[in-house]
Amino acid sequence: MAPRSRRRRHKKSPSSVAPVVETPPTAVAPVPLILSKPGPSIDSLGFFSLENNVPGLSQLILQKLNMKSYEEYKLVLDGGTPVSGFGYRCLEEMFQKMEDTFRFCAYCKALPSGLSDSKVLRHCKRCRNVYYCGPECQRSDWPAHRKVCQELCLVAVDRLMEWLLVTGDFVLPSGPWSWLTEVVQGWDTWFSMRCLQLDDTLDAVLDSQAMTTLWASVRRPRPDPHVLKGSLKRLLTDVLSRPLTLGFGLRALGINVGKVGGSTVHVVGASHAETFLTRPGDYDELGYMFPGHLGLHVIMVGVDVAAGFSQSTSASLLEPGTVQLSGHRGLYHDFWEEQIETGQMAHPDLVVAFHPGFHASPDLMEAWLPTLLLLRDYEIPTMITVYSHQELAASLQILVDLDTHITAYGANPFASLKPEQVYSNPNKQPVYCSAYYIMFLGSSCQLDKRQLEEKVNDRV
Ligand SMILES: [Zn+2]
Ligand SMILES: [Zn+2]
């Protein structure tokens with residue numbers, strides 16, 4: 001499983017850690033750090049791999065967070081108290097420090113500490129998301145940056161607006177679906193169904209004191225209402241992408257959620273990204289997708305499941321119509337041996353891995369292998385998600401080599417619509433969480449590799 005290898009990776013010296021190419025680190029988790037979820041996970045990125053693109057960056061981040069080491073950073077994420085005293089006196093300072101972690105020249109990679117006194121880093125006027133040490137670097141970088149500047153403009157707004165999710169000032173619309181569930185096949189129909197309720201919600205957030213405070217605390221003018229609404233909608237898709245992707249998987253794999261005693265979904269390789277700020281009601285939307293279901297139990301399993309995330313100890317019976325969320329901190333195959341093989345818990349009806357990343361390095365592959373083989377051999381309906389088309393192709397290849405029976409793959413209708421910047425390499429094309437999915441069931445794939453490649457290239 002990924003977690004084991006991730007743990008190892010953190011112990012290595014920075015130079016020995018290979019960069020995980022595709023994983024986008026909003027990871028800069030510095031963001032509201034203590035309060036916020038750290039995005040697609042600094043864990044899967046390997047904190048020190050930041051160094052490969054911008055030498056000194058990991059130290060800069062730690063310094064801005066008033067921390068001495070990655071271990072201390074991890075301690076804070078796990079709910080501990082850092083030795084060096086973490087905290088900010090005011091919102092303004094927090095946003096400033098957060099912004100400072102983005103301050104390095106996107107072209108020559110210079111950090112503020114490496115500049116002569118006469119030079120300062122200035123941001124790109126259009127996107128406000130990348131910095132340059134001078135006009136020469138900005139000019140030289142433009143051919144690469146122009147391809148992403150517009151999209152990064154959204155990133156720069158979203159990472160501030162995310163604060164409203166953290167503080168709880170942006171509450172997502174909820175409640176039973178007013179349309180037939182078969183009609184709602186993706187975000188378009190979901191937004192149409194929720195539009196009235198959503199308009200009220202967004203207007204309320206726009207008028208809120210929290211919104212005023214936010215833009216008064218950051219050093220940039222408040223964007224127009226339509227820009228802010230666009231951002232809130234993207235953030236909403238980012239939060240609801242996970243529960244609705246689980247629902248999409250249950251539907252696509254034809255899993256019966258009318259089972260007496262309830263159905264179980266395991267999220268394997270779960271980390272802070274899935275558990276840190278997840279509140280009990282966050283998966284209610286999954287329940288609304290299946291009116292009349294007899295109980296849904298979602299269990300997050302992984303060594304990086306946030307401390308304090310509710311632990312599942314027994315197979316309590318679910319109330320019909322309820323969604324129960326719990327976590328198990330540990331490796332999946334240990335969890336399987338302790339809980340499933342002993343009969344304490346039922347076999348899962350679906351197993352999902354969000355961005356397992358096993359295509360990215362032999363280390364990660366080695367770690368995931370026991371889990372993938374276990375899921376294949378027990379014929380557990382399984383779905384994985386990936387960030388990009390390139391990752392989709394690489395992951396399919398691996399699953400074919402493992403002789404899994406791939407039942408479906410393609411673009412996820414409930415992918416997050418919030419662009420994720422590759423933090424230490426901002427000119428890389430932003431990616432989207434769970435943009436693509438692959439489903440497999442048991443072994444023996446019907447397609448050979450070449451057919452598969454052709455199909456992938458045709459489809460996306
Ligand atoms: Zn420069
Ligand atoms: Zn720009």
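## Strand S4 and its neighbours

In S5, Leu325 is the bridge partner of Val298, and this contact belongs to a parallel pairing in which S4 and strand S5 (residues 323–329) are joined over 7 bridges. The description rests on a predicted model, and the values given here are computed from it. Strand S3 (residues 263–268) also pairs with S4 in the parallel sense, over 6 bridges, and within that pairing Ser263 has Leu296 of S4 as its bridge partner.

The burial of S4 is complete along its length: 7 of the 7 residues of the strand (residues 296–302) are buried, so S4 is largely enclosed by the rest of the structure. Leu296, Val298, Met300 and Gly302 point one way from the strand, while His297, Ile299 and Val301 point the other way, and all of these are buried.

Most residues other than glycine have a negative phi. Against that background, His355 has a positive phi of about 50 degrees although it is not a glycine, and Asp403, likewise not a glycine, has a positive phi of about 65 degrees.

His355 is found in the loop between strand S6 (350–354) and helix H15 (362–377). Because 27 C-beta neighbours lie inside 10 Å and the cut-off for burial is 20 or more, His355 counts as buried. Asp403 sits in the loop between helix H16 (389–401) and strand S8 (404–411), and Asp403 counts as partly exposed because it has 13 C-beta neighbours inside 10 Å.

How values were computed:
Residues numbered from 1 in each chain as written. Chains lettered and ligands numbered in written order. Predicted model: local features only at pLDDT ≥ 70, side-chain atom pairs only at ≥ 80, totals over all residues. Buried ≥ 20, exposed ≤ 12 C-beta atoms within 10 Å, placed from the backbone. Helix = DSSP H or I, 4+ residues; strand = E, 2+ residues; numbered from the N terminus. Pairing = 2+ DSSP bridges.
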